[in-house]
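These are my notebook entries on one structure. I set down what I looked up, entry by entry.

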Amino acid sequence: MDRPIISVSNLGKQYRLGSGAGHDTLRDHIAHGFRWLFRRTKEGPDLAGEDFWALRGVSFAVKQGEVVGIIGRNGAGKSTLLKVLSQITEPTEGEVRVRGRVASLLEVGTGFHPELSGRENVFLNGAILGMSKAEIKRKFDEIVAFAEVERFLDTPVKRYSSGMYVRLAFAVAAHLEPEILVVDEVLAVGDSAFQKKCLGKMHDVAGQGRTVLFVSHNMAAVSNLCQRGIVLERGCVKFDGSAKDALQIYNTSTLSAGASSGGAANVIYARPGEDAPGNFSITRIEMFDPAGSPKSCVSSGDAVVFRVTYFAKREAARGSVQLQFAGFDGSKILNLSTEPDSGFSMSLEPGEHAVECVIDQLPLAAGQFIIGAGLAIPWVEYLCWSPDLCSLTVALHDVYDSGYAPAADRSLIVTPHRWRLA
């Protein structure tokens with residue numbers, strides 16, 4: 001019988017809030033004891049820390065060659081799970097069995113010694129993974145070429161940028177032929193070209209029959225790379241099945257949590273601007289018809305006005321408002337902006353203000369979409385950006401007067417057109 005390469009049974013990981021991290025050494029226990037005694041004497045006896053279960057009752061199995069996407073909101077327990085699987089931290093309860101060599105890329109710089117050069121760290125990481133010196137030498141040139149750090153190979157990695165760190169760390173993890181490759185969100189540090197390169201390499205790794213566990217908030221990457229998805233919510237497994245279904249469940253729960261909190265029916269997103277971190281935020285998105293009446297639902301081909309309200313704590317000359325429509329797999333479908341797309345020039349004034357995007361015929365087929373929005377200085381930087389503020393449901397409508405209403409399972413876009421003989 002084919003045994004799973006990873007087996008997790010009733011896994012739990014508990015932390016003690018307010019009392020620091022776990023204490024694994026005698027020195028840690030002594031130091032913690034003195035801190036606890038001092039704080040208890042100073043602040044009174046009611047200082048017991050709160051127990052927090054980062055993971056609880058997690059069970060699943062992964063077969064050799066599977067590519068599994070682990071998704072969930074921030075704080076759901078994704079990184080904790082990977083640390084337990086990588087044997088970086090011990091579980092509080094339950095059992096984890098891993099058959100094979102694991103290469104982990106969990107955060108920038110994991111497993112690298114900052115004082116050693118890039119060359120030395122390649123050999124150090126290889127040795128940690130159980131590779132012989134001959135094996136590492138055989139792969140060395142391929143690793144360096146993939147990471148594109150030839151010029152800095154003999155420079156201490158403490159002088160590397162975060163992008164260089166990740167490039168070299170991923171190259172080592174992916175090329176030293178582990179049976180299991182574990183990758184957390186760190187690929188977001190690299191540029192888009194390198195991210196594409198990494199995804200291609202993970203496809204190759206999976207094609208060689210090795211197992212990949214992939215954590216990312218890039219839903220398009222999860223959809224393209226993974227056949228299976230595990231959704232974590234508050235430390236528990238909410239769903240374990242196909243990647244397509246996992247993405248649907250994750251996006252539905254995420255968007256419903258960020259939706260309007262009891263406002264008018266046309267308000268599809270709302271939050272107080274003063275509560276947002278940073279100097280800029282999107283506070284409200286509303287729908288109207290061209291006459292200005294609130295619109296509670298929308299269909300393919302409808303004339304619709306999206307009012308985007310933003311909050312600014314400081315001025316930004318020549319700013320722009322961005323509005324994006326994406327599929328539930330994260331694929332970008334339509335991006336609209338005040339500048340440069342429309343040539344509508346504006347500055348972002350302090351306080352709360354609103355602009356309206358007028359769409360004469362909504363070009364989205366019937367289905368569910370994700371709305372993202374943000375503020376930017378065109379060609380320079382994003383001042384704030386949220387790719388998944390809320391969801392938009394587009395109803396069926398016979399756009400072409402053909403007796404057929406196009407839906408998103410056939411095409412995401414509908415557009416006025418006509419045919420004629422050439």
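How many aromatic pairs does the structure hold? I found 4 aromatic pairs, where rings of Phe, Tyr and Trp (its six-membered ring) pair if their centres lie within 6.5 Å, with planes under 30 degrees apart stacked, over 60 edge-to-face and the rest tilted. I looked up Tyr382 and Trp385: their ring centres are 5.4 Å apart and their planes stand at 40°, so this pair is tilted.

I note that this is a predicted model, in which local features need pLDDT of at least 70 and side-chain atom pairs count only at pLDDT 80 or more, while totals for chains, interfaces and linings use all residues. Residues are numbered from 1 along each chain as its sequence is written, and side-chain values use heavy atoms, leaving out hydrogens and water.

I next looked up Val62, which lies in strand β2 (residues 50-62); strands (E, at least two residues) and helices (H or I, at least four) are DSSP runs numbered from the N terminus. Val62 has a relative accessible area of 0% and is therefore buried (under 20%; exposed is over 50%, partly exposed in between; 1.4 Å probe, protein chains only). Its C-alpha atom is 5.0 Å from that of Ile6, 56 residues away along the chain.

I then turned to the largest nonpolar core, which has 49 residues; such a core is a set of buried Ala, Val, Leu, Ile, Met, Phe, Trp, Tyr and Cys residues joined through side-chain atoms within 4.5 Å. Helix α5 (residues 162-175) gives the most to this core, with 10 residues. Apart from it I recorded another core of 35 residues, including Val298 and Phe306.
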